[in-house]
Amino acid sequence: GQATRGRWLQESLFANPELEVEVADILGSQERSGFKSAETTIRILQPLDLGGKRSQRSRIAELEARIAAWQLEAKRLEVWSRTVQSFAAVQAQQQRLELAEKSLALGRHVWQVVCERVAAGKVALLERSKADVALADLCLSFDQEQLALKSSRYALAAEWGSGEARFDRVEAGRNETLRVELPDVRDLIRELEHHPEFCQWKAEVERHRAEIDLAEAMAVPEL
């Protein structure tokens, strides 16, 4: 973030010089008393880091900025991946609800036909009981799919911080198809080396080494 980059910039600069003013013999005696006869000494102190302390501190701050950037990128990818999965879940649930709705419509038609055949005496009354149970199961399945769709829609809306799903349905592009192609192992390894979490891990290892170098440099006295 801005604070980490600011620290990196601060560590890359030389320490601020210090100004010291010393006034001696201000009291004096008789005609030599007062500021006119006082001796004033002005010193400007500029600490000099030896042993590469400043460069090591700057290196550590730079690595911390890189780590923070990779953490942000990893979080962005995590949110993006979670949102895509939630979108796909809503789309799949929409299809399941549509199938449940078609099954329910067909079940009602079958139930109506059975009722008519029972009334006409063409089939036994037991068939009506079986049709009632089958229709009840279809109604229950339809209600369950409706609740599942509502839940998945709320989960998708939560990805952008909304407490309610203000959309009726989701649609992918007409020409978009899901293709899963397994990459070559060597290509996969090369891609993994650019993954934010892997890059963050490398930066943390470098920071650890830089902290060791700084600890060794601190043994060298400053001027």
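The following is a short exchange about a predicted model.

Mentor: In this predicted model, local features need pLDDT of at least 70 and side-chain atom pairs count only at pLDDT 80 or more, while totals for chains, interfaces and linings use all residues. Residues are numbered from 1 along each chain as its sequence is written, and side-chain values use heavy atoms, with hydrogens and water left out.

Trainee: Is C199 buried or exposed?

Mentor: Buried means under 20% relative accessible area, exposed over 50%, and partly exposed in between (1.4 Å probe, protein chains only). C199 has a relative accessibility of 9%, so C199 counts as buried.

Trainee: Where do the buried residues of α5 lie around the axis?

Mentor: The buried residues of α5 are P196, C199, Q200, A203, A210, L214 and A217. Their arc, taken from the directions from the helix axis to the C-beta atoms, is only 95°, so they lie on the same side of α5. E197, R209 and E216 are exposed on the other side of α5.

Trainee: How many residues apart are E78 and K75, which meet in a salt bridge?

Mentor: A salt bridge is a side-chain nitrogen of Lys or Arg within 4 Å of a carboxyl oxygen of Asp or Glu. The side chains of E78 and K75 meet at 3.7 Å, N to O. An α-helix has 3.6 residues a turn, so residues three or four places apart point the same way. Both E78 and K75 lie in helix α2, about one turn apart, and the separation is three residues.

Trainee: Which residue forms a salt bridge with E98?

Mentor: The closest N and O atoms of this pair are 3.3 Å apart. The pair links distant parts of the chain, 71 residues apart, with E98 in helix α2 and its partner in the loop between α3 and α4 (185–192).

Notes
Helices (H or I, at least four residues) and strands (E, at least two) are DSSP runs, numbered from the N terminus.
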